[in-house]
Amino acid sequence: MRRITELAVILSLVLGVSVLLVLAASILLPGIEVRQLAFFYLYTTINPWFQNYTVNSPEAVTAIVWDYRGLDTLFETSVFYLALIAGLALARGLFSETPQGSFNEKTHGLTTIVKTVTRVTAPMIIAVGASIGLHGHLTPGGGFQGGATIAVIPLVFIVVYSTLFLIARGVTSNKMLVLRSIGLLGIGFTSIAAFLIGLAIGRFAYVFQNMPKPGAVVGLPADINGALISGTLWFFNLFEMIAVAAGFTIAFIILLLAGRGGSGGR
Amino acid sequence: MNVYAETIVYLIMAVVSLLSVVAVYLAIVERDLIKAVIYSALQSGFYAVLYYLLMAPDIVLVYLPVAVGLIPGVLIVLISKTERWEKE
């Protein structure tokens, strides 16, 4: 009874604040002149008649994240990387407690039904994640979304099959760190790709340049053989997907592999 | 007709956000931490619906795996390493 009363009080408070906000919206909402920037982004994100400013990507969010505001996303990725490095440094003593022994299908993990369902759904989840990541410049989604979706798989496998299975299959934190570093190097090289091309052919080009701009005619191709890749966006999404999936896997391995109770699902 | 459709969408949004408040309340008062994690995932599911109705499919795609898949999974494993019941 007490819970219901509390809940009713909270809900009525929320409703009251909502009413206040609705009343205040007529004054507080920003006017139309604030939205000029949004108008510019949406107008130029794919615009064949405006070749000097377009990104050639129908997905405005990915275009903003990796082209208009690419540097912000680069720093976001490096923050995630630093957090992982800090996690690895904190957990450095725990790896000596990693469970030893070989994986046994009969004694480790959950029941056969769960294992079979996991085995069937795992390729599907990876396919969905890859399509979210690699179609990030065409449909909603992108590298982080695809990588986070793929990262569900190692977690599910640790819970359903036990950690020894992952070790037996060679999914270790060091290998994942290598994969993550490959992803980050790829992001770094993609960000200076146009600049390097400019250096090679002796033309002026910007760092983080995607399409040709006024005064900097170097640019990456918008499509390969008619398939739209939007210049750097496809490569950014690919490498970010690899980096995020490997990064989350490292986090799970740190959290779940080491220490007592690490052999989950037993 | 168009106006009615818009009103219905706003109505669904209002109901879903109130339900998410209920889920948050249940997650806070629950003493069983596993149940609290499940209520929290429920709240995330309601938020994902809100994001979808607010026309932010990119956020939905990152919010669903992280808030319904990864965080409850990690939290449940961490709870399994400590105690299941919250003390007074």
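Rings of Phe, Tyr and Trp, the last taken by its six-membered ring, count as a pair if their centres lie within 6.5 Å. With that in mind, and remembering that this is a predicted model, select Phe39(A), Tyr43(A), Phe50(A) and Tyr53(A), which together form one aromatic cluster.

Pick out Tyr41(A) and Tyr68(A), a tilted pair with 4.4 Å from centre to centre and 40 degrees between the planes. Since Tyr41(A) belongs to helix 2 (residues 36-44) of chain A and Tyr68(A) to helix 3 (residues 60-68) of chain A, the pair ties together parts that are 27 residues apart in sequence. Tyr41(A) and Tyr68(A) are both buried.

Next select Trp66(A) and Phe236(A), whose ring centres are 4.4 Å apart and whose planes meet at 10 degrees, so the pair is stacked. Trp66(A) sits in helix 3 of chain A, while Phe236(A) sits in helix 11 (residues 232-257) of chain A, so this pair joins parts 170 residues apart in sequence. Trp66(A) and Phe236(A) are buried as well.

Now colour chain B on its own, and follow its three helices, with zero strands, in the order α-α-α. Its C-alpha trace spans about 55 × 25 × 10 Å along the principal axes, and its radius of gyration is 16 Å, whereas a compact globule of 88 residues would have one near 12 Å. Of the 88 residues in chain B, 35% count as buried.

Finally, show the surface of chain B, about 5400 Å² of accessible area, of which 74% belongs to carbon and sulfur atoms. Colouring by charge brings up 5 positive and 7 negative side chains in chain B, with the centres of the two sets 12 Å apart.

Technical notes. Residues numbered from 1 in each chain as written. Chains lettered and ligands numbered in written order. Predicted model: local features only at pLDDT ≥ 70, side-chain atom pairs only at ≥ 80, totals over all residues. Heavy atoms only, no water. Helix = DSSP H or I, 4+ residues; strand = E, 2+ residues; numbered from the N terminus. Rg over C-alpha atoms; globule rule 2.2 N^0.38 Å. Buried < 20%, exposed > 50% of the residue type's maximum accessible area, 1.4 Å probe, protein only. Areas by Shrake-Rupley, 256 points an atom, 1.4 Å probe, with all protein chains shown as cover. Lys, Arg positive; Asp, Glu negative; His and termini not counted. Charge placed at Lys NZ, Arg CZ, Asp CG, Glu CD. Phe/Tyr/Trp six-rings, centres within 6.5 Å; stacked < 30°, edge-to-face > 60°.
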